[in-house]
Amino acid sequence: MPAVPVVLVPFALVALLATSACGIRATTVPVDVGAAPSRVSCDTQEQPSGVQGFRATVELVCGSQLVGVERVVPMPEKKPVRDPLAMVAQALLEALERTPTSDERDAGFTSEVPAGLSAGTPRAGDPAGTVRLSRKPEDLPPVALSQIVCTLAGSEALKADPGPVILGGPDEDPPRAWECTEAVRSRPESVPTLGELVRPTPTPS
């Protein structure tokens with residue numbers, strides 16, 4: 001079954017999705033991770049759902065690689081800030097933190113993103129689009145970091161272009177940029193621990 005093109009809705013239009021009732025759909029990527037009993041399909045059947053939110057592709061782990069699962073992501077349960085981008089990032093983080101459904105688990109999907117991770121607003125001088133996490137990105141498990149980077153990189157609600165994802169931690173350290181490359185998708189454990197340092201945006205005098 002070919003992958004269905006994902007149409008992401010900008011945050012400003014999220015409110016218009018109140019009647020949305022889409023299901024879950026994953027990219028079909030059969031992955032041989034061993035002998036026949038351990039072969040997984042990395043594919044789930046589309047199921048009806050009453051979830052209200054915005055459409056996004058959430059990157060889960062299947063067969064030791066990242067595979068995008070198309071979902072309707074509900075708005076975040078945690079709303080510490082009213083910044084639109086931070087709220088979208090928080091919704092995506094919560095989607096990654098949730099235990100995959102039984103259908104997804106049967107298809108071989110897992111998620112390494114730890115529970116309790118949250119997104120905050122950029123600091124003064126951070127480049128536009130920076131997402132500040134409640135933990136330093138380099139302290140996260142590599143596979144979890146890869147899931148976050150590739151999920152955020154594919155979100156048009158967060159990014160207007162397919163460039164790198166700029167992440168920072170809760171401290172004063174400057175943010176760093178990570179890219180979702182084919183190498184990262186095929187070997188998520190090999191994501192660079194430290195992304196490229198991003199220079200602060202000059203403050204107008």
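In what order do the elements of the protein chain run from the N terminus on?

1. From the N terminus on, the order is β-β-β-α-α-β-β-β-α-β-β-α-β, which comprises four helices and nine strands. Helices (H or I, at least four residues) and strands (E, at least two) are DSSP runs, numbered from the N terminus.

2. The model is a predicted one, in which local features need pLDDT of at least 70 and side-chain atom pairs count only at pLDDT 80 or more, while totals for chains, interfaces and linings use all residues. Residues are numbered from 1 along each chain as its sequence is written, and side-chain values use heavy atoms, with hydrogens and water left out.

3. Of the 205 residues in the protein chain, 44% count as buried, where buried means under 20% relative accessible area, exposed over 50%, and partly exposed in between (1.4 Å probe, protein chains only). Among contacts (heavy atoms within 4.5 Å) between residues at least 6 apart in sequence, 61% join residues at least 24 apart.

4. Helix α1 (residues 84-97) has 14 residues and reaches 20 Å from its first C-alpha to its last, close to the 20 Å expected at 1.5 Å a residue; the expected span is 1.5 Å times one less than the number of residues. Because 12 of its 14 residues are buried, α1 is largely enclosed by the rest of the structure. The buried residues include Met 87, Leu 92 and Leu 93, and also Gln 90, Glu 94 and Glu 97. Among the elements that cover the buried residues of α1 are β2 (53-62), β3 (65-74) and α3 (142-153). At the start of α1, a side-chain oxygen of Asp 83 comes to within 3.2 Å of the backbone nitrogen of Leu 85.

5. One joins Cys 42 to Cys 62, with an S to S distance of 2.0 Å, and is left-handed, with -100° about the S-S bond. Cys 42 lies in the loop between β1 (25-26) and β2 and Cys 62 in strand β2, so this pair ties together parts that are 20 residues apart in sequence. Cys 42 is buried at 0% relative accessibility, and Cys 62 is buried with a relative accessible area of 0%.

6. The other disulfide is formed by Cys 150 and Cys 180, with sulfur atoms 2.0 Å apart, and its torsion of about 100° about the S-S bond makes it right-handed. Cys 150 lies in helix α3 and Cys 180 in the loop between β8 (176-178) and α4 (182-186), so the pair ties together parts that are 30 residues apart in sequence. Cys 150 is buried, with a relative accessible area of 3%, whereas Cys 180 is partly exposed, at 28%.

Conventions. A polar contact is a pair of N or O atoms within 3.5 Å; within protein, one must be able to donate a hydrogen and the other to accept it, and residues adjacent in sequence count only if both atoms are side-chain atoms. A disulfide is a pair of cysteine sulfur atoms within 2.5 Å.
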